[in-house]
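Please look over the sequence and the model shown below before reading on. The report that follows takes the overall build before the details.

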Amino acid sequence: EIIVLACDEKTNLEIFYKLKSISKVKYFFVEKPFRLTNISDYKNYNSKIIINYIRKFNPFYMDFKQDISNNEFGELKSIDIKYSKGIDNTVSHFVDLLYYLFGNKIKFDDVLLLNKPINIHRETSCSIVVRDFLNLNSYVCFHAIHDLYAIELDFIFDNKRIRIINYEREVYYYDIDNDSNFPEYLNFVQSHKIKLNFDKSK
């Protein structure tokens, strides 16, 4: 019922198009990149293809998605993502994660390039910001870091700030409270942190 396609993209496509119409095959679990040859296939086989973006199968992100759905943190204000290793290798993972977390609410209608792309690791890396990410008051910013390996995510909601750092090994939670020095501003107060272990063997 499940076919795993983990070869190069050309081979994966060839196998997919040979097997796509077999009724007993329910799902294709596919390594990225995986680009179909015509637009109609994206609609016809959308529910049959699962790209292997691992975060949406991770318990932390599954719980995070549920908390967002339950409006535990209030309205989203911003997301800042620091990354390296290019758009194909890294940003695609986080675009998929954002669709997983926020579903059809996501809009990528207003994209602004912040710096000129450069060629690194044979991929294009650039910094971009998406304004009007979910609504007029929220945005997401991808910051490319070219000379260091980096993965950091910073979510700011009305009621909570959540920083996922150290290559997704640690999560810091902050409450939002009045600033003692500047009463007209709010401040972040760390409430707790947790450690993540993505290694299933431990």
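## Basis and overall build

This is a predicted model, in which local features need pLDDT of at least 70 and side-chain atom pairs count only at pLDDT 80 or more, while totals for chains, interfaces and linings use all residues. Residues are numbered from 1 along each chain as its sequence is written, and side-chain values use heavy atoms, with hydrogens and water left out.

The protein holds 4 helices and 13 strands, which are DSSP runs numbered from the N terminus (helices H or I, at least four residues; strands E, at least two). Its C-alpha trace spans about 65 × 40 × 35 Å along the principal axes, and 40% of its 202 residues count as buried, a term that stands for under 20% relative accessible area with a 1.4 Å probe, protein chains only.

An open sheet of mixed pairing is formed by 8 strands in the order 5-8-9-4-10-11-12-13, where two strands pair if DSSP finds at least two bridges between them. Strand 5 and strand 13 (186-195) stand at the edges with a single partner strand each, so one side of each has no neighbour in the sheet. Within the sheet, strand 10 (residues 151-157) and strand 11 (residues 160-165) pair in the antiparallel sense over 4 bridges, and Asp 154 has Arg 163 in strand 11 as its bridge partner.

## Packing of helix 3 and helix 4

The axes of helix 3 (residues 59-69) and helix 4 come within 8 Å and cross at roughly 45 degrees; axes are lines fitted to C-alpha atoms, for helices over the stretch in contact, and angles run from 0 to 180 degrees between N-to-C directions.

Tyr 61, Met 62, Phe 64, Lys 65 and Ile 68 in helix 3 meet Leu 97, Tyr 100, Leu 101 and Phe 102 in helix 4, contact meaning heavy atoms within 4.5 Å.

## Ile 106

Ile 106 lies in the loop between helix 4 (86-102) and strand 5 (110-113) and is buried, with a relative accessible area of 8%. Leaving aside residues up to four places away in sequence, Ile 106 touches Leu 98, Tyr 99, Phe 133 and Leu 134. Ile 106 and Leu 134 are 28 residues apart in sequence, yet 5.3 Å apart in space, C-alpha to C-alpha.

Key:
Buried means under 20% relative accessible area, exposed over 50%, partly exposed in between (1.4 Å probe, protein chains only).
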